[in-house]
Amino acid sequence: MGIYDIAFWILTVIAIGCALGVILSRNPINSVLFLIATFFAISGHYLLLNAQFLAIVNIIVYAGAIMVLFLFVIMLMNLNADVEPQKGRLVQLAGVVSGGALLLVLLAALRTAKYPTLESTPNEIGLIQNLGEVLFTQYVLPFEISSVLFLSAMIGAIVIGKKEDSTHSA
Amino acid sequence: MKAIIAATILGIVMMFAGLQMKNKSSVVTLAIVLAFLLLGVNIWDLVATPATAPVGYFNNMLRIDRYALWFSTLMTGVTVLYTLLVGKEIQKVGVHVAEYFALIFFILCGVYILSCYNNMLMLFLGIEILSIPQYILAGSDKKNLKSSEASLKYFLMGAFSTGILLMGITLLYGATGSFNIVAYSFLQSDALNPLALGGVIFVMIALGFKVSAAPMHMWTPDVYDGSPTPFTAYMATVVKASAFFAFIRLFQVSFGSISSQWTVVLSVITAATLLIGNLTAVFQQSVKRMLSYSSIAQAGFMLFAVLAVNAVAWQGIIIYAVAYSIATIGIFTVLMKLKDYTYDGFNGLAKKEPLLAFVTTIFLFSLAGIPLTGGFMAKYYVIQAVMVQNQFLWLVIFGLLMAAISVYYYFRVIIAMYFKEGNAELHAPVTQGEKVLLVITCGLVILIGIFPQLLLSWI
Amino acid sequence: MTQLVYLIPLFPLIGFLINGLGWRTIPKTAAGIIGSLAILASFVVSVGIFFEVNSPSFHGPVLVHLFDFIQTGKLYIPFTFQVDALSTLFLLIITGVGFLIHVYSTSYMHHDEGMVKYFAFLNLFVFSMLLLVLGANYLVMFIGWEGVGLCSYLLIGFWFKNRDYTNAAKKAFVMNRIGDLGFLVGMMMILFNYGTLSYGEFFGKLGTVPGALGENTYNWIAVCLFIGAIGKSAQIPLYTWLPDAMAGPTPVSALIHAATMVTAGIYMIARSSVLYNLAPFTLHIVAIIGLATAIFAATVAIKQYDIKKVLAYSTVSQLGFMFLALGVGAYTTAVFHVMTHAFFKALLFLGSGSVIHAMGGEQDIRLMGGLGKKMRITQITFLIGCLAISGIPGFSGFFSKDEILAATYAHDPILYYMALAAAMMTAFYMFRLYFLTFTGKFRGTHDQEHHLHESPSAMTIPLIVLAILSVVGGYVGLPAVISEHHALASYLSPVVSNAGEHHMAAGTEWLLMGLSSGLSVVMIIYAFTANKVPSFVPNTGLAKLLENKWYVDEIYDAVIVRPLAALSGLLDKFVEKSGIDGIVNGVGKGVRYGSDRIRMLQTGQVGFYIFVMVLGIVALFAITFFGVKL
Amino acid sequence: MPILPLHYMFLSLTLFCIGIMGVLIRRNAIIIFMCVELMLNAVNLLMVAFSKMYVDAGAQVFVFFIMVVAAAEVAVGLAVIVMMYRKVHSVDVNILNRLKH
Amino acid sequence: MNILMLVATNTPFNYFPVVLQLVVAVGFVVVMMAATHLLGPKRRTKDKLINFESGIPAIGNARQPMGIKYFLVAILFVLFDVEVIFFYPYAVNFKSLGLEGFYAVLLFVAFFFCGFYYIIKKGALEWED
């Protein structure tokens, strides 16, 4: 077992364990922390897969910004384990069983999938230079289009998030 | 192509208009003018693009053909009609009138992308540009708890379906190594990689969610019911139609060659959608909620076009989208005039506003698929598309049976208007201008029903 | 002239538009004139076309192409009218009888505030009906088919304020939808197998191109189309809407539910005779259902007391006769009966309308009697109608009904005797109606008696015209023993002709004619004696006398009438109320129940929604990867 | 045993299904949304694995866009959740049942 | 800039120093916390564990929900933060992408500034109510 494999299995165990922690812990703050840990594990996987830039971005954007926003909202609402609503046992069981059934079906269905072999030699594609090249040549249209998405989201933040006052708006 | 840029810029113009203009009705007027402008740009696109083989743009991110151009133009036309008919009602929803219109222009940008995307990334972005403004519009009536509830439900389920869509795209990428939808058309039915098939099913489920096909339909009644009515009208028409267009585009262009693998599953979905939509609509008391179930039922018919992998299906989906959208917007316009959205609210409308009752009747005829209205032609074309395929005769018969049931709940409204005593209360008297517009809309419905060739000969 | 055929539906459409758009401003009288003139204009054009079609120089059907309707890939369906002998005959019936009924309505509906709307609907109906018969393909026919159904629905509910119309209109609608579904499926199958819907192409391919189901294709298509005909023409089991449809104004009953719309089913089958000739099994079903309906409805009619209900059941029964004729392959005979029936049944309905008009809305025949003294014209014309429908020699009904009976006899004598029994009952209940209404003493209130009057000329003139037609209308089809030349059959022969010409011995034919007309006379006399006295009025002298004189009445009563009446009641109560209505209501209830159950799935819980979606994903994956290929 | 794409796929599908389970068993709207984010990350991981398999940077660029969209969704979604919270002082999705049947 | 330098290397093992630093940083925190926990004296009495609020018994939770305006700023922060994804790659490739890339980014930034201007005008970033 090479060092790659050891790293893979360790990160896998951390990722799955923390993911379970997200859905099982009663305290929402713990869930957030577990999710951040999961993201770190996934970033570790990115490194193993030669996606160095993505690994960094994943931490900056997901763990750094998005999850902090979650944490912020949870604290804003002062949610904790005491006020956390719990579903009935039966409903939870049904959820676990159906999720498990989905996993089983998917694994059984995709078990025989065919792939080219995984290139074990490191490659350069995950480098920031390479990604920039691809992004600004092939993917320049989606890049521009995504600004529409941001504009929508900004409007959403204003329309939904802002307190209603009639002085500023038409 | 120009239309995508134009829609974005006009959306920004509307955003800034909200900062400058204090008068709500002048904002609406501006929006109507801009919608017409956008229609002009679309027509320009249509005229300027030669009718030769489809052209790829931006490294084949987009691929523009006649269907795409016509669909964009027609949907813009429907939006123009929508702003004309419903614009006044949007004023009443909340204070951010200009923003609502800006979001509608952004949605249109998504519509254009979905009509000509050639890459899964564009599909994904298009779906999101279509959806995110909808979450906002659904929750825009902040005084109303139902509106917030609709928004949250739609958002949670929409985000979930985004995950499903992405999983599908990833699996397809895993099977082919490409995001280009034309690349998928080289998949072969025999010895198909399970990854590809899994991807197809995931994508089908995610798109089925957007078009509210059973069993992914359950958000539809609640969201349509809870959202402010003007926006429900838009969600149920243009948005749904373009989701369908995206659906059929992907499944014809990319997965046509492996259709034997997925048509069975899709036929099950179609049958379930027809059954649930039509059956559940029967029991409703609120016309608005009935219309949301009916939109599920109509989705069942539109799925026929996806099921049939041939050229007739394209024509079918376009004519269906137009006929259904126009009639639905018409009905919602009338509905918004009424104080009471239940069936009883329509009692005696024929006495009070005979013209309103008459146009409503025509719109309902169209939805029910009575001959000489657009709805009949639309149903005819999609069924014809399946018939040409020499498959799924059972589904066609089942669909006709369900169409027979649908007449029941549509006609309940007509009975209420014409045959029941009551005093249908209106918010405000209907103005002459609105009447003229409604009559024109009604004329369009009949025109499509009698001369579908006027429309289809161009496409 | 034939190229002008588009004018025929255009006039009623214009009439509809004028009356429909200006229904608040147009005065009532003007609306009546506009409506009637529109139909008159159509009638004039129809007559012109008829002469052209009837001339020896006319060859084959003329197709008048209006515009392209549907054009997809290989399939091409134009909006085309077809002018040939069959459609022209129906044009004449629809516009001719329709015009008379419009004229009648101008007076009958004059007191009604919704008269302008009424004429708009009526014109729309005529327009749809004309589309139905003029179309050169099944799709155009279907459009007309739906249109007439819609107008009938609107007109049944026309007097919604003071009548329990809702159930009637709803029932009519549900049953027609079931029929329409059959028609649609039939159309789909034609399209599926032959790739066309136009008559010419379809019939041309029929014999040569085998369908997907082999020989059975013909039967399947024919059965599906026949289901459509059952719904529209009120045959067992989808007939109960027609008696209930009498809730509408009487001229509507005359036009839609007697003369025109309900015969659309016969038109369709006659039009598709090429197909039906290839589907003998289906023809057999048609004959049996027609005969069953004829007998059944006649039985029920015997015990009805509502003047319009009697006529409604009699219509159902007569339609049954027409289907019987179709079933034994006598297509022209069926069309012949459609024509004569249109005359005399319209006459009877209009006559009953005149009676109801005079009685101030009363429809119960037990409360009438002796009206003949006050309303001479109505009485005489009504009598002519009764004679015609009963098949008394010399009147139109005799010729057509006799032809049906003869064809049936040639086909199968057993069917003949059953049909004969139905014909006898017809004579009985019609004359029961006549005697109870027009003869004897008046049994209504004093006010009503005072009010009795003959109707105005706008109503009586159509009655007279129709009465004349009811007499002479039969002479276009003289029995073979009298004349070798059957005018109608030779006129229709380029389009439809009877399946097998049965040449019976002249003696047999005379015998059959004698038998049916003789028995009819007997039944009339019997009806006279039996119905002189309604059950709850003390016997009058004359009736008592008759009763004592012909002691045989008691025997008749015990042996025939009582069991028949009991059977009639039984059928009415159980088969109709709980059987057929039960099924129709049951389907409705089932749908509502299912709706209610499925509705409950919509719990409002977003978690549950996603749960259902996940289950759906699991199921779809299971079907795709591990399911049997459907 | 060398690490195959299959391993990554199983890992990714497992995380994906854990996310789905979380959506199903939790009632807190924020946690449900976090579980959706977990699903998206599972997809990202698989996408990167395939990117390595095909030696194609396109898939990694796709992941950028997934992150961008996720950010936009988070902005709107949390705004909606907060709006709801301000009205009913709860983030429990089970109380969202004014719209049903 | 050091992040970029690190990224410019190409095997996972070039990240070993980062991992080492992480381990040291986390380990330091863990060790310190554990040490105080283990070494410090523990005297848990009831009085000591309850909050002391000037002798008045504490009612409810000490934390109060924050104002919504902070939340709005946080949301907008996330939206602008995500641009990082696009700007780092552009910065690295600034030269090679040339004018075309510049225009592309210019357009993107222009859209963003429109949004930014809109937000400021709407008063979403005003701290004072």
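This is a predicted model: local features need pLDDT of at least 70, side-chain atom pairs count only at pLDDT 80 or more; totals for chains, interfaces and linings use all residues.
1. If you take the contacts in chain C with a separation of 6 or more, 81% of them join residues 24 or more positions apart.

2. Next, look at the nonpolar core. The largest one holds 584 residues, and the members that touch the most others are C:Ala346, D:Met67, D:Ala71, D:Ala75 and E:Ile75. The element that gives the most to this core is helix 3 (residues 58-88) of chain D, with 24 residues.

3. Setting aside neighbours within four places in sequence, C:Ala346 has contacts with C:Val97, C:Ile101, C:Ala254, C:Ala258, C:Ala259 and C:Leu466.

4. Now for the chains together. Nine pairs of chains touch, and the pair with the most contacts is A and D. Chains C and E, by contrast, do not touch, and their nearest C-alpha atoms are 25 Å apart.

5. Helix 3 (residues 66-91) and helix 12 (residues 311-337) of chain B pack at about 5 degrees, with axes 10 Å apart. Because angles under 35 degrees count as roughly parallel, helix 3 of chain B is described as roughly parallel to helix 12 of chain B. Helix 3 of chain B brings residues including B:Trp70, B:Phe71 and B:Val78 to the contact, while helix 12 of chain B brings, among them, B:Trp314, B:Ile318 and B:Val322. By class, this contact of helix 3 with helix 12 of chain B has 15 nonpolar, two polar and one charged residues.

6. Helix 3 of chain B has another partner worth a look. Its axis and that of helix 9 (residues 229-254) of chain B come within 10 Å, crossing at roughly 175 degrees. Since angles over 145 degrees count as roughly antiparallel, helix 3 of chain B is roughly antiparallel to helix 9 of chain B.

Technical notes. Residues are numbered from 1 along each chain as its sequence is written. Chains are lettered from A and ligands numbered from 1 in the order in which they are written. Two residues are in contact if their C-beta atoms, placed from the backbone, lie within 7 Å. Axes are lines fitted to C-alpha atoms, for helices over the stretch in contact, and angles run from 0 to 180 degrees between N-to-C directions. Helices (H or I, at least four residues) and strands (E, at least two) are DSSP runs, numbered from the N terminus. Angles under 35 degrees count as roughly parallel, over 145 as roughly antiparallel, 65 to 115 as roughly perpendicular and the rest as oblique. Ala, Val, Leu, Ile, Met, Phe, Trp, Tyr, Cys and Pro count as nonpolar, Asp, Glu, Lys and Arg as charged, and the others, Gly among them, as polar. A nonpolar core is a set of buried Ala, Val, Leu, Ile, Met, Phe, Trp, Tyr and Cys residues joined through C-beta atoms within 7 Å. A residue is buried if 20 or more other C-beta atoms lie within 10 Å of its own, exposed if 12 or fewer, and partly exposed in between; C-beta atoms are placed from the backbone.
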